[in-house]
Every structure is written in C-alpha cells, then in structure tokens.
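This briefing goes through the model shown below, topic by topic. Please keep the sequence and the structure at hand while reading.

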Amino acid sequence: MSGAEQVARTAKESFDASQLLDSAERHRALIALKQALTEHKDEILKANRLDIEAAKEQVAAGKMSSSLLKRLDLESSADKYDSMLQGILEVDSLPDPTGQVTYAKTLDEGLELYRVTCPIGVLLVIFEARPEVIVNITALAIKSGNAAILKGGKESLETQKIMSRVIQDALSTTSLPPAYIQTVSTRNEIASLLAQDRYIDLVIPRGSNSLVKSIQNDSRIPVMGHADGLCAVYVDESAVEKKAINVVVDSKTTYTAACNAAETLLIHDSLLSSLWPNLASALLDSKIALRCDPSTLSALSSNSTVSSHPAFSQLVSASTPEDYETEFLELILAVKSVDSLSSAIKHINTHSSHHTDSIVTENDANAKAFCRGIDSAGVYVNASTRFADGFRYGFGTEVGVSTGKTHARGPVGLEGLVIYKYQVRSTADEGHGTAVFGTGEGKRPFLHTDLPLGDSPF
C-alpha cells in the first residue's frame, strides 16, 4: 500500500469511527483547537516569518507574485491571527448542520420517511500560500463531521509544520480519532491522493487558475471550487455618482489579491461625459491603472480635469481583448462602455468566471433583470463584490468559493459540507414491505402526508 493510499484509508477509517460519537465531542475538539493555537501563537508566527523571508527572495527573483506573498503573511494586518482564532469560535457557535430533517413524510400508518443531513465524508483540500486556511478548514471539517486531508503550498511549509503539530496535539486530547485531520507536504502525494476515489469523497482546491484546472482534469473524485475570480461591476445609466465611486473603489482596492476583487468595470455610455470622469479620478487617486476601450479612453482624454491628473499618463492606457478575461489581482481594472443593460449582462456572462458581479443602479427593474440574467454564484445590487466571503455571510469562515452548479455554490460554509441520506422507519408489528402498495384492487395508496421538520428522530 502506497503512502498516499494509507493516508486516505486512515482518513476514511477515522471518519467512519467519528460518526458514532456524540456531536458534543466536536464542540470539545474545536475548543481544544482554539486553546492550542492560542498557546502556540508565538511559535507559529516565528515559523511564518521564516516563510515570509524565503518568499521575499522568490518575489525579488521574479519567481513569486507580490499578491501571493501577501496571502502568506499571518501578520499582514494587526488582527489577522486573532481573527483566525475568532473564526473557530464563530464556527463552533453555529447550529450543527448534521442530523437535520429537511423532508419528512408519512408513507403509511407506521411508516415514515426522513431526509437527514449528514457529512460528506473525507475531504481533500489543496491550497496555496494562505496558512490560515489550515485552521479554517480544520474548524469547518470538525464542525460538519468530515475528516480532512490538507495540502498547503511549499511557500508556507514552515508554518504548516508547526500548525499541523499543534492541531494533532489538540485532537489527541479529544475523542476524535488522531487521523481525523491530516496534512501532507509533497506534490507527489497529491498526485497519488487524487486517485484515491475509494476513500476520498470530495476535493476542494483553493489557489491559482492553473492549480484548480489541473486538479479538475486529473482526478476522478468530484471537485468543488473555482478556477478564476474574474468579477465585474456594471455602472448603470441611473447610477448615483457617490454610490458608484464607493462600490467600485471598494470592490477593487480593499484587497486586490482576493478572488472577489473586481477586475472589470462596465460603464453605460450615457455616463461617459458625466459620472465616468469623476469615477475615473477617484480610481486614479487610488493608484488604479485603467485599461480602457476606445470610448472610455476618449472620454478621459478629452476631459481636462482627468487628463491633467498627475497619474493619468502613467496609469491610463488602451485595453486589449485579453484584459477583459484577465484576473489581474493587482491595482489594474479593465474598463469598457456598453450601450444597454442587456449588453452588460451579455459581456459579463461571456467573459466573467461566474464568481461575483455587481450592478450600481437606481432602477429597480434593471436591478431585478441583472440579478436574474447574470449567471454567477453571487449577484449584487449597489454593493461591493468584496462581500462575497463566508465570514461576511455569517458562515464563521469558508472552505472556499464554488462557481459550480451542483451541491454548493458561492462561499461554502458548513451547509456546503453536508449532504443527506434518506431514512425510512417502520413501527408496524410486522414491518413493511412494498407488495401491498399500488393502484390495483386490494392495494393501498401511499399517504405522503407531511411530518414535522427539525432534528432527526434517529
């Protein structure tokens, strides 16, 4: 048996064993996890600084992007580590997503049918750079009753080593099996794990376009995730200038390396000489490079206020067709004018990655049409695309963002990590068989009357 098969098999055995534990054990495990990560904070941050120093050398050598470096840093903001720990408590405080009855019928006297939520099984989560993902996924997996195998990128290897040890030590103090959460470190192990469809139930990749697509192409195991975060904001003809500036600037600048940052800006052509120059000035003030189509570029060039902006010659340029299909992850925005709402919808559906798209409008009919017409996991009205996040949605944290159309879509929290099973119970003295049911003479019809929803009776 290969090493990867052993990891996968052990994870499956741990999952099976965990299903017989009371859900209260998962609460105890999350509290133990939070306490251990609190006690070892200095040690983990010290390891993270080693990864950061090595990453800086890679950036200087042109072998790593600055956006990847930022994602790696657990101290990129003053509260990042503590927010990660708070996320554990918030996940713990959420309702148990398992054992919930979502459909219930009386089929016959003494015969009941229940559809009950249950964990998916063993998750294989592959991610790049962001070491806090280890903690996020661990918390969500424990709360939802799933076992997990985690593989981070080599750029966060030192941080992963310490975090993995701390997590394992925390789990060893609980009733959950020791191998409930496992980590692997080499690329070769991933190739082998992607073939373990007998033991692994779902692969969740978080990272670059190339990482996600290679996994989608190389595994027989179902994959949940997204390859690109190509988000767009459309400023409709009825848009209010102040609102448009707030939504567009926030969508682009609050975290440019995030998958929910805007990459494309669409402007209704009736606004080219009015709202657009002022919006462009605000974007230039934020040091955003504007790659403009002929109409939006001409409107800026002919506007003396914008064209005299100190950054105009440096940051404003003509766009290329490729710009409208590029996830920049930097302070770059592809801009295009459109002549109608339908044109905006068509452009977004053709070029976006179906992640999150927003309209700025005061027209309710246009807002409704946009929400119906855009084929994306998140569709917003007068709100920044940056709201597409599990924490902001109230999920505590997220396992990732899915742009697929089966099982889970958008930021995936606890509800996206459970599936369901059908349970049938007979309380009749002789049990129940199917032969007595039907439409012929002497046959009994099914009752199909509703039963209360809520917790499973089993």
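In which loop is Leu329 found? Leu329 is in the loop between β10 and β11, and this is a predicted model.

**Whole chain**
- The C-alpha trace spans about 90 × 65 × 35 Å along its principal axes.
- Of the 458 residues, 52% count as buried.
- Among contacts with a separation of 6 or more, 74% come from residues 24 or more positions apart.
- The accessible surface comes to about 20700 Å², and carbon and sulfur atoms contribute 50% of that area.
- There are 43 positive and 57 negative side chains, and the centres of these two sets lie 2 Å apart.

**The seven-stranded sheet**
- Seven strands form an open sheet with parallel pairing, in the order β10-β9-β11-β8-β7-β12-β13.
- The edges are held by β10 (316-318) and β13 (378-381); each has a single partner strand, so one side of each lacks a neighbour in the sheet.
- On average, neighbouring strands of this sheet are turned by 20° against each other, direction ignored.
- Strand β9 (residues 289-292) pairs with β10 in the parallel sense over three bridges.
- Leu290 has Val316 of β10 as its bridge partner.

**Helices α11 and α12**
- Helix α12 (residues 294-301) lies across β9, β10 and β11 (332-338), and runs at about 125° to β9.
- Helix α11 (residues 275-285) is mostly covered, with nine of its eleven residues buried.
- The buried residues of α11 include Trp276, Pro277, Ser281 and Leu284.
- Lys287, which follows α11, has a positive phi near 65°.

**Positive phi in loops**
- Most residues other than glycine have a negative phi.
- Leu329 is not a glycine, yet its phi is positive, at about 60°.
- With a relative accessible area of 18%, Leu329 counts as buried because the value is under 20%.
- His448 also has a positive phi, near 50°, in a residue other than glycine.
- The loop that holds His448 runs between β16 (418-426) and β17 (449-450).
- His448 is partly exposed, its relative accessible area being 46%.

Key. Residues numbered from 1 in each chain as written. Predicted model: local features only at pLDDT ≥ 70, side-chain atom pairs only at ≥ 80, totals over all residues. Heavy atoms only, no water. Pairing = 2+ DSSP bridges. Helix = DSSP H or I, 4+ residues; strand = E, 2+ residues; numbered from the N terminus. Axes fitted to C-alpha atoms, helices over the stretch in contact; angles between N-to-C directions. Contact = heavy atoms within 4.5 Å. Buried < 20%, exposed > 50% of the residue type's maximum accessible area, 1.4 Å probe, protein only. Areas by Shrake-Rupley, 256 points an atom, 1.4 Å probe, with all protein chains shown as cover. Lys, Arg positive; Asp, Glu negative; His and termini not counted. Charge placed at Lys NZ, Arg CZ, Asp CG, Glu CD.
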